[in-house]
Amino acid sequence: MEKEMQEIAKKLLAEKKVDWVIGYENSFEPGASRPVFMNKPEDAVKLVFNKSCVNNLAVYLPKIKKQKAAVVAKGCDLRSVREIIKEHQILRENVVIIGVACEGVESSKCSTCTENKLDGVDFTVGTVKDLGRKEDMSDIEKFEELSSKEKEAFWNKEFERCIRCYACRNVCPVCYCPDCFANRLMPEYLNKVVNTAENKVFQQIRMQHVFGRCTDCRACEEACPVGIKLSLLTKKMSKDAKKLFNYESGKDTDSRPPLSTFKVDEEGIAEIM
Amino acid sequence: MEVKEKKLNIVGFLCNWCSYAGADLTGLGRNIYPADIKIIRIPCTGRMDPMMVIEAFHKGADGVLVSGCHPGDCHYSEGNYYWRRRYAHLKELLDFFGIDKRRFHASWVSASEGKKFAEVVKKVVTETQDWKDSNSK
Amino acid sequence: MANKLITQENLKALVNELAASYDVFAPKRENKNTVSFGKLQSFEEYVSGVLLTNTTAKDKVYLQSEQLFQYELKKDTVEFKEKAPGKEAVIFGGRPCDARGFDVIDKLFNWSGYEDGPYTGGRKNTTIITVSCEKPETTCFCTSFAGGSPADGKGSDILLTPVSGKFLAELLTERGEKLAAKYSKYFSEAGDAETAAKAEFAKAAEAKITKKLDLAAVKKNLDASFDSPYWDTVHLPCVKCGACTYVCPTCYCFDITEKKFGYLNGERNRTWDSCMSEMFTKMAGGHNPRTDTKRRFRQRFMHKFRYHVDNFKEELCTGCGRCIRRCPVGIDIRKVVEEAK
């Protein structure tokens, strides 16, 4: 599988089809990997793919706008790539997608993954198998049944730890705004002071901003240095988008994100007012 | 209805073209409604940034009401349709964060519905009070 | 300074007694994958086996957000209120690299005759009890630094080293001696055998750290590489979050902001800031000298291994390797500075 991937990368770089290949390389200890950028064909041998390749490489695509890049994408990352193309952050012709038939990495999302099909990729590495996994929303449903007080107490405990390093925001493929509300001083939605309440506001606003665009890729949860359970929120949002607007982000590259469109007769939210 | 002492902090974001005028008419028509609501005028519910709702709760609001034109009556044709979608998901998301559904409301009140506005505020105040009572237990 | 011995049981009793009268911060499990310095109620909560907590102990002395003062406008005066000093604290179970971090920042906050009130106030109030590391992790590189070792006591008040089923307690400062004197019933005298055993322990632990940076070469390379094309590509995987700087025991940069409560009162706060953030160098007029991510990325390594060495004759790094582990994209500080050219 790795060989195949290296060959593709080498060919793309040698033929100057792309400026960069973004993939994974071995990291500081055995069994760890990290994202790598390469622009020389001889570097291609560095490419690896194993269970530790959890990073969502789609996050780099909006940053290389004017250049061409090939990106290694798992099924889940592919949804983010589509979402970025949909939002015109990169042109489809500027990105070469090397899809990987992934059977799961060390991430919480993999046990319920239904996203390993690789539709619309330029190259497929490995063979896509039906993993027979099913979506499971039982944890969200269980959390929804708690009282407001219990929910608040849970989140207070989580966000007490938050150090506001903004890793969750910066690894998010759809958080590409050049000017984030958290950095803005006028109007100041978010004070620089780090405390539970402010940390919660940051995440509430961030989650609201990525609603309908978040593909539940869990990059934010993987990145969090203090292990805040952000997957609960992203999963909840993908559930809501499906329930309220019958929308799944990252399924295609041309539908409208749910909050930028409307229907006169809404079916999902008819009883809301 | 008896005028009670103000107890709650409710922020009302009202659309300039319908609900704000509706609230005006409530006063002109001598309809009495609770004084717990503070009104902020916005150009259209389509301008209603969800960040403002989150910020209101963060700064200590007990409840938030957003009110605008009836669907189809928007001064800008479609602003309130967008708000309807935002409201639906924001209510779910905030509830997930522990901001009770009884604290966050939206309604359609036109410029001629002074009486309805008083009813809406009464409902918002009752529900918010209900939440506050159950929460302090 | 004196060496004492303390048994496992006595250590447990000591921590329990300390927890009753001080704020004791020690590695505490937050959830399955997170261990951070938290306030200990009893010894049971202490997680002893973890080398690298997710965050450092730095934030127990140098708070992430600290109120400098509150002000209120009265009729014709302005009234200032300063925060009352906190309770006396003990940081227990940190590692030598964490303690060394304090030693590094101490110099900065007491630089050229200036004493930083909030920091030194907190520092004077805190006793640091460190535990030597037996099995270093793959990301550890503390032996690269002058005097750095998994059993080094720099910055600690008391250093505990496991020897023959007990702990050798080295009382390294006055504060440490005072604490040991106050709870002398738990300690016994240590002999030469234990001291020798400690030296043996340190040697064995040091040998387990395989990665050693040649700091003189690193400094030389960084001195010459400011404009090098090396930095054009090496920063690309970095997503520019602040995780590395916020989990670092030596990163000390801060920002001062005001918070207004009304027209008449407010407060001034000091908050950690990160050179990775775009806002870090943005000026009031809107100009930003470090506009692109490359410059910000370069700054972090240059500061740690070049500018700080110029100013203080030591690196702004203790080799704990937290930034490597906590980095969402696995950027290895050792590799970056070693390969700089």
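Author: Over all chains, the count comes to 60 salt bridges, each being a side-chain nitrogen of Lys or Arg within 4 Å of a carboxyl oxygen of Asp or Glu. Keep in mind that this is a predicted model, where local features need pLDDT of at least 70, side-chain atom pairs count only at pLDDT 80 or more, and totals for chains, interfaces and linings use all residues. Residues are numbered from 1 along each chain as its sequence is written, chains are lettered from A and ligands numbered from 1 in the order in which they are written, and side-chain values use heavy atoms, with hydrogens and water left out.

Let's start with A:Asp139 and A:Lys235, whose side chains meet in a salt bridge at 2.9 Å, N to O. A:Asp139 belongs to helix α3 (residues 138-144) of chain A and A:Lys235 to helix α8 of chain A, so this pair ties together parts 96 residues apart in sequence. Helices here are DSSP runs (H or I, at least four residues), and strands are too (E, at least two), numbered from the N terminus. A:Lys235 is buried, with a relative accessible area of 9%, while A:Asp139 is partly exposed at 34%. Buried means under 20% relative accessible area, exposed over 50%, and partly exposed in between, using a 1.4 Å probe and protein chains only.

Helix α8 (residues 231-245) of chain A packs against helix α3 (residues 79-96) of chain B at an angle of about 145°, with axes 10 Å apart. Those axes are lines fitted to C-alpha atoms over the stretch in contact, and the angles run from 0 to 180 degrees between N-to-C directions. Among the residues making the contact (heavy atoms within 4.5 Å) are A:Lys236, A:Asp240 and A:Lys243 of α8(A), along with B:Glu92 of α3(B). These turn up again in a network of salt bridges that links A:Glu144, A:Lys236, A:Lys239, A:Asp240, A:Lys243, B:Glu92 and B:Lys101.

Chain A pairs with chain C as well: A:Lys192 and C:Asp255 meet in a salt bridge at 3.0 Å, N to O. This pair runs from the loop between α5 (167-170) and α6 (196-209) of chain A to strand β11 of chain C. A:Lys192 counts as partly exposed at 24% relative accessibility, and C:Asp255 is partly exposed at 23%.
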